[in-house]
Amino acid sequence: MNDHCVYHSGARMRASAGDPIRAVVAESEHTVIVAWRIAPGQTIVAHAPPPNGQGTRTILSGEGDYPMDEQGTMLAEVPRDIVVARKGQVYGTRCPCREPLRFASVLAPLDAGFIPLAQRAQ
């Protein structure tokens with residue numbers, strides 16, 4: 001782990017023709033920060049966050065549709081919005097626009113169900 005406190009998310013969000021870009025920016029003993037880039041038409045399937053934690057995202061650029069419930073009710077996400085999914089709430093997004101949706105996501109606590117990079121390598 002490095003000791004930086006400022007991360008330039010754009011360097012981690014390179015174009016992709018396939019799945020959304022997901023790049024771990026930083027991990028600590030408490031949280032994980034992930035940079036996302038969702039291309040036009042791409043979707044992160046609606047799901048519940050890890051059972052013991054909360055997912056929080058800050059929209060950096062672009063626009064997204066956030067699923068509010070299992071019935072498909074959508075809410076627009078726009079730059080500077082902060083979206084919080086608490087335990088058991090639906091979490092996902094799709095990019096319906098012509099430009100990519102970029103956001104930073106924080107999952108806390110780390111033991112909420114996220115698998116740290118060091119453990120994935122084993």
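Ala104 is partly exposed, with a relative accessible area of 25%; partly exposed lies between buried, under 20% relative accessible area, and exposed, over 50%, with a 1.4 Å probe and protein chains only. This is a predicted model, in which local features need pLDDT of at least 70 and side-chain atom pairs count only at pLDDT 80 or more, while totals for chains, interfaces and linings use all residues. Residues are numbered from 1 along each chain as its sequence is written, and side-chain values use heavy atoms, without hydrogens and water.

**Ala104 and its surroundings**

- Ala104 is part of strand E9; strands (E, at least two residues) and helices (H or I, at least four) are DSSP runs, numbered from the N terminus.
- Leaving aside residues up to four places away in sequence, Ala104 touches Val34, Thr56, Arg57, Thr58 and Leu60, where contact means heavy atoms within 4.5 Å.
- Ile33 lies 71 residues from Ala104 along the chain, yet the C-alpha atoms of the two are separated by 6.9 Å.

**The chain as a whole**

- The chain has nine strands and one helix, and its elements run β-β-β-β-β-β-β-β-β-α from the N terminus on.
- Of its 122 residues, 36% count as buried.
- The accessible surface of the chain comes to about 7,500 Å², and 54% of it belongs to carbon and sulfur atoms; such areas come from the Shrake-Rupley method with a 1.4 Å probe, and for residues only the protein chains shown count as cover.
- Among contacts between residues at least 6 apart in sequence, 64% join residues at least 24 apart.

**The sheet**

- An open sheet is formed by five strands in the order E1-E2-E9-E4-E7, with antiparallel pairing; two strands pair if DSSP finds at least two bridges between them.
- Strand E1 (21-27) and strand E7 (82-85) stand at the edges and have a single partner strand each, so one side of each is left without a neighbour in the sheet.
- From one strand to the next, the twist averages 20 degrees; axes are lines fitted to C-alpha atoms, for helices over the stretch in contact, and angles run from 0 to 180 degrees between N-to-C directions.
- Strands E4 (residues 54-61) and E9 (residues 101-108) run antiparallel and are joined by seven bridges.
- Gly55 stands opposite Leu107 in E9.

**The nonpolar core**

- The largest nonpolar core has eleven residues: Val24, Val32, Val34, Trp36, Ile38, Ile44, Ile59, Cys95, Leu101, Phe103 and Leu107. Such a core is a set of buried Ala, Val, Leu, Ile, Met, Phe, Trp, Tyr and Cys residues joined through side-chain atoms within 4.5 Å.
- Strand E2 (32-38) and E9 each supply at least two residues of this core, and the largest share, four residues, comes from E2.
- Not counting residues up to four places away in sequence, Ile44 touches Pro20, Trp36, Ile38, Gly92, Thr93 and Phe103.

**Salt bridges**

- A salt bridge is a side-chain nitrogen of Lys or Arg within 4 Å of a carboxyl oxygen of Asp or Glu; by this rule the count comes to two.
- The side chains of Arg57 and Glu77 meet in one of them, at 2.7 Å from N to O. This pair links distant parts of the chain, with Arg57 in strand E4 and Glu77 in strand E6 (residues 74-77), 20 residues apart.
- Arg57 counts as buried at 1% relative accessibility, and Glu77 is buried with a relative accessible area of 1%.
- Arg94 forms a salt bridge with Asp65, and their closest N and O atoms are 2.8 Å apart. This pair also links distant parts of the chain: Arg94 is in strand E8 (residues 91-94) and Asp65 in strand E5 (residues 64-67), 29 residues apart.
- Arg94 counts as partly exposed at 34% relative accessibility, whereas Asp65 counts as buried at 14%.
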